Amino acid sequence: MQPIIAVNQLSKTYASGFQALKRIDLEIRQGEIFALLGPNGAGKTTLISIICGIVNPSEGTVLADGHDVVRDYRAARAKIGLVPQELTTDAFETVWNTVSFSRGLFGRSANPAHVEKVLKDLSLWSKKDSKLITLSGGMKRRVMIAKALSHEPQILFLDEPSAGVDVELRRDMWAMVRALRATGVTIILTTHYIEEAEEMADRIGVIHKGELILVEDKAELMNKLGRKQLTLHLQDPLETIPAALAGYPLELSADRQQLVYTFDAQGEHTGIDMLLRRLGEAGIDFKDLKTSQSSLEDIFVSLVREHA
Amino acid sequence: MNIYAIRAIYLFEMARTWRTLLQSIVSPVISTSLYFVVFGAAIGSHMTGIDGVSYGAFIVPGLIMLSLLTQSISNASFGIYFPKFVGTIYEILSAPVSPFEIVAGYVGAAASKSVILGLIILVTARLFVPFQIEHPLWMLAFLLLTAVTFSLFGFIIGIWADNFEKLQLVPLLVVTPLTFLGGSFYSIHMLPPLWQKVTLFNPVVYLISGFRWSFYGVSDVGVGVSVGMTAVFLAICLAAVWWIFRTGYRLKA
């Protein structure tokens, strides 16, 4: 199946000389939730802005559902909905009018039933006649999502959707994102909250200093995440791992003072009890032990540091 | 052609007009009425007519033009500047709309508002001074052409301006002087010969002259020249808008 978004050798250098993106290649699959992770200033928003037509690319191409976003912008943009990071709304418009305006702007004929459904899904129905200036920050965020969904896009971009959002709205938003995905909409979100990516995404991409340094299935990342390590600090250094323990995935540290046992924390049997019993039988004493889990955060931090 | 988008932008802008009705329509009408009271009734009664037209009637076309120019520029410049200022422009830029559709929506709304305003002033003026319109169709044509041209000009200013001061700068320093010196209140034949020549570099002279001709059949310069000069200015504005969208000037990084 052709990717819903294909980014090819995309670079962006701003007039100031700052290179925000360096030859990015990325394919987004139809119907997935893709999380773009990265620290502030990594290039997340620039990437989204180019795909959506707000920023001109310096080099490279982007295809949205097979349409070049520059040459065939009309077909490409009609399929895309964007919820930007900043809360920018027309203060004196009503909720209903601003959402209907967005639908028209994206070339769709008026459809009050759809606008009504979007507003109800986002708990905005009771506010439909309120002016935007009277709404709270969270409500404005909902309005911006409603605007992005007004023209029934196939691809939805959420740029930092949970910035300044309370728990309830975040929960509503994730429920909505899942419901949208169930209808076949592809969702791309940027975040610097790792838990968010962990909870929502099918795949995760890490962007740092304008480079895409990792794109991986969340399941695979979770596999790595699911691994725990038990480190035993030995009383006496060992020369080799005794034959009695051969069946265990054990590693001896370079100073021969530590035995490291890697196990699947989510497995039914971790094997720790048997291992400890075997160690006792083999006469290996240890003075301390600790277990540790590598989190997505560790992976992220080490990746970012590696590329610093 | 994304008709729905043109309609959406047009209606959005017109909604802004109705929302700010007092400022948009009422205040220009009041200030124009004051001009008629002062220049038309008070001073005009002590002045001889120009080209066989009473002074009160003579200034009607010029005063309508004065409002038409300033309103077209301020409506259109504010209409596009404000989304840029608050950031809602992101939606226009990310929408499947062509530059033509964006311009049609914004400039169309700004020009509509100016034309409505011009007609209201025309009716208001009729309450103060009697006059007739010899070429009503030409009058409407000048009204439309000027409204569209100067709305385009305002649109360009709105895109160029990156702060509120610049937004006011061109209307204040360029357009208002040109309009006052363009023959709103006098015939350019009343000027010394040298200034008659200098004043021909003022594009507003041609607008007012042509517009006055459509009322009274008298003009400072030939009607054909008036239409031609307005068309030239329209073409310059169109070219500037075309360049803006081609390069993304002040719109896209």
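## A walk through chains A and B

Start by selecting A:Arg203: in this model, A:Arg203 stands opposite A:Asp217 in strand 10 of chain A. Keep in mind as you click around that the model is predicted.

**The strands around that pair.** Now colour strand 9 (residues 203-208) and strand 10 of chain A. They run antiparallel, and 6 bridges join them. As background, strands of a sheet pair through backbone hydrogen bonds, either parallel or antiparallel.

**The whole sheet.** Next, bring in the rest of the sheet in chain A: 6 strands in the order 6-7-8-3-9-10, forming an open sheet with mixed pairing. Look at its two edges, where you'll find strand 6 (80-83) and strand 10 (211-217) of chain A; each has a single partner strand, so one side of each is left without a neighbour in the sheet. Ignoring direction, neighbouring strands here are turned by 15° against each other on average.

**Helices on the sheet.** Select residues 44-52 of chain A. This is helix 1, which packs on the sheet and touches strand 3 (33-37), strand 6, strand 7 (155-159), strand 8 (186-191) and strand 9 of chain A. The direction of helix 1 makes about 150° with that of strand 7 of chain A. Then pick residues 137-149 of chain A, which are helix 5: it lies across strand 6 and strand 7 of chain A, running at about 170° to strand 6.

**Zoom out.** Show chain A as a cartoon and you have 10 helices and 14 strands in view. The C-alpha trace of chain A spans about 80 × 45 × 35 Å along its principal axes. Its radius of gyration is 25 Å, whereas a compact globule of 308 residues would come out near 19 Å.

**Where the chains meet.** The contact takes 26 residues from chain A and 20 residues from chain B. On the chain A side, helix 2 (73-78) and helix 3 (95-105) each supply at least two residues. What is that side made of? The chain A residues there divide into 12 nonpolar, 8 polar and 6 charged.

**Last stop, in chain B.** Select helix 9 (residues 203-216) and helix 10 (residues 223-247) of chain B. Their axes come within 8 Å and cross at roughly 135°, which makes helix 9 of chain B oblique to helix 10 of chain B. The crossing is left-handed. To see the contact, show side chains including B:Tyr206, B:Leu207 and B:Trp213 from helix 9, and B:Val227, B:Met229 and B:Phe233 from helix 10. The residues of this helix-helix contact split into 9 nonpolar, 4 polar and no charged.

How values were computed:
Residues are numbered from 1 along each chain as its sequence is written. Chains are lettered from A and ligands numbered from 1 in the order in which they are written. This is a predicted model: local features need pLDDT of at least 70, side-chain atom pairs count only at pLDDT 80 or more; totals for chains, interfaces and linings use all residues. Axes are lines fitted to C-alpha atoms, for helices over the stretch in contact, and angles run from 0 to 180 degrees between N-to-C directions. Helices (H or I, at least four residues) and strands (E, at least two) are DSSP runs, numbered from the N terminus. Angles under 35 degrees count as roughly parallel, over 145 as roughly antiparallel, 65 to 115 as roughly perpendicular and the rest as oblique. A crossing is left-handed if the near helix is turned anticlockwise from the far one by less than a right angle, and right-handed if clockwise. Two residues are in contact if their C-beta atoms, placed from the backbone, lie within 7 Å. Ala, Val, Leu, Ile, Met, Phe, Trp, Tyr, Cys and Pro count as nonpolar, Asp, Glu, Lys and Arg as charged, and the others, Gly among them, as polar. Two strands pair if DSSP finds at least two bridges between them. The radius of gyration is taken over C-alpha atoms; the globule rule is 2.2 Å times the number of residues to the power 0.38.
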